[in-house]
Amino acid sequence: MALVNGNEIFKNARAGKYAVGAFNTNNLEWTRAILAAAEETKTPILIQTSMGAAKYMGGYELCLHLVQDTVKSMGITVPVVMHLDHGNYEAAKECIKVGYNSVMFDGHDLPFAENLEKTKEIVKLAHAQGMSVEAEVGSIGGTEDGITGAGELASVEEAQTLAATGVDYLACGIGNIHGVYPANWQGLNFDRLQEIAAAVQTPLVLHGGSGIPKEQIVKAISLGISKVNVNTECQLAFAKATRQYVEAGKDQDIDAKGYDPRKLLAPGTEAIKETVKERIAWFGTPAV
Ligand SMILES: [Zn+2]
């Protein structure tokens with residue numbers, strides 16, 4: 001299966017009350033683990049790179065080729081969308097040029113009029129190339145790539161105005177946060193989600209999907225969330241499994257060559273795959 005435009009996999013999500021997961025990749029192991037989880041569950045998936053991860057890996061073109069070539073070499077048969085997560089204006093334009101399937105232009109920290117203008121421009125450029133676009137209104141709390149959001153709720157009017165640009169999916173702040181949730185977190189604001197879902201038909205995106213209790217995620221999906229982003233959960237799972245391997249002294253087993261990266265990184269890679277599979281089940285993504 002070739003990589004596809006985001007619209008292919010979201011067509012029936014709102015009506016079918018399910019979501020598709022978007023998982024951030026950081027390197028080869030992450031890419032293989034995410035794709036393996038999608039293949040084993042026979043479900044479509046988005047694999048996304050943040051600006052920081054793309055810089056770490058060596059640029060957007062390299063990230064795209066890594067995913068394209070891994071899809072091919074692993075014989076992946078399910079639809080895969082290569083997506084830019086939280087791109088600024090320049091990054092969104094670059095990923096459209098490089099040939100991603102989908103880009104997020106995150107203009108939430110700009111004055112709304114400027115967010116709107118730039119979103120319109122990115123939509124025009126992306127749609128001309130058959131790519132889908134995600135925009136953001138209201139900020140997601142926490143810090144991602146150095147941008148810290150207070151997590152204010154998206155305004156219904158702004159969500160409607162941004163949806164009218166023809167964006168393919170819309171991220172709206174409903175109390176969600178990137179990273180690990182603080183102990184005093186107030187939970188998702190379902191009233192605001194319902195108001196936005198009633199006002200716009202565009203598939204809605206829930207960022208910061210790591211650490212939100214399953215019941216809240218399932219409820220959010222039933223109220224109109226179609227795409228859920230997961231990043232931190234996979235990082236925690238990878239770190240924990242790798243730590244257990246090292247703390248057990250397995251990396252120091254010279255006879256078994258436990259220091260070989262293919263062995264050292266294997267438990268972490270497996271843990272990412274299991275985390276992704278578990279989330280896919282939570283989201284109710286139907287098999288293709
Ligand atoms: Zn996000």
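Modeller: Let me begin with Glu-39, which is buried at a relative accessible area of 15%, where buried means under 20%, exposed over 50% and partly exposed in between, using a 1.4 Å probe and protein chains only. A word on the ground rules: this is a predicted model, in which local features need pLDDT of at least 70 and side-chain atom pairs count only at pLDDT 80 or more, while totals for chains, interfaces and linings use all residues. Residues are numbered from 1 along each chain as its sequence is written, and side-chain values use heavy atoms, with hydrogens and water left out.

Glu-39 has a charged partner: its side chain meets that of Lys-42 in a salt bridge, 2.6 Å from N to O. The term covers a side-chain nitrogen of Lys or Arg within 4 Å of a carboxyl oxygen of Asp or Glu, and by that rule the count comes to 11 salt bridges. Lys-42 is partly exposed, with a relative accessible area of 36%.

Helices here are DSSP runs of H or I with at least four residues, strands are runs of E with at least two, and both are numbered from the N terminus. Glu-40 is partly exposed at 43% relative accessible area, and Lys-277 also counts as partly exposed, at 24%.

For a local pair, turn to helix α9 (residues 190-199): Glu-195 and Arg-192 are three residues apart there, so about one helical turn separates them. Their salt bridge has its closest N and O atoms 3.1 Å apart. Glu-195 is partly exposed at 41%, and Arg-192 is partly exposed at 22%. Elsewhere, salt bridges that share partners join Glu-40, Glu-270, Lys-273 and Lys-277 into one network.

Trp-30 sits in helix α3 and Phe-238 in helix α11 (residues 232-247), so the pair links parts of the chain 208 residues apart. Both partners are buried, Trp-30 at 6% relative accessibility and Phe-238 at 16%.

Now for the zinc ion. Its protein donors are His-86 (NE2), His-178 (NE2) and His-207 (ND1), lying 1.9 to 2.1 Å from it; donors are N, O and S atoms within 2.8 Å of the metal (3.2 Å for Na, K and Ca), and water is not among the atoms, so sites may look incomplete. Along the chain the donors follow the spacing H-x91-H-x28-H. His-86 belongs to strand β3 (residues 80-87) and His-207 to the loop between β9 (204-206) and α10 (214-222), which places this pair 121 residues apart. His-86 is buried at 10%, and His-207 is buried at 0%.

UniProt lists Asp-106 and Glu-136 under "binding site" in an unreviewed entry; its positions are given in the numbering used here, feature names are shortened, and annotations may be inferred rather than shown by experiment. They span 31 residues in sequence, yet no two of their C-alpha atoms are more than 5.4 Å apart, so they gather at one spot.

Asp-106 is in the loop between β4 (102-105) and α7 (112-128) and is buried at 10%. Leaving out residues up to four places away in sequence, Asp-106 touches His-86, Gly-87 and Glu-136, contact meaning heavy atoms within 4.5 Å. A polar contact of 2.7 Å joins the side chains of Asp-106 and His-86. That term means a pair of N or O atoms within 3.5 Å; within protein, one must be able to donate a hydrogen and the other to accept it, and residues adjacent in sequence count only if both atoms are side-chain atoms.

Glu-136, in strand β5 (residues 132-137), is buried at 0%.
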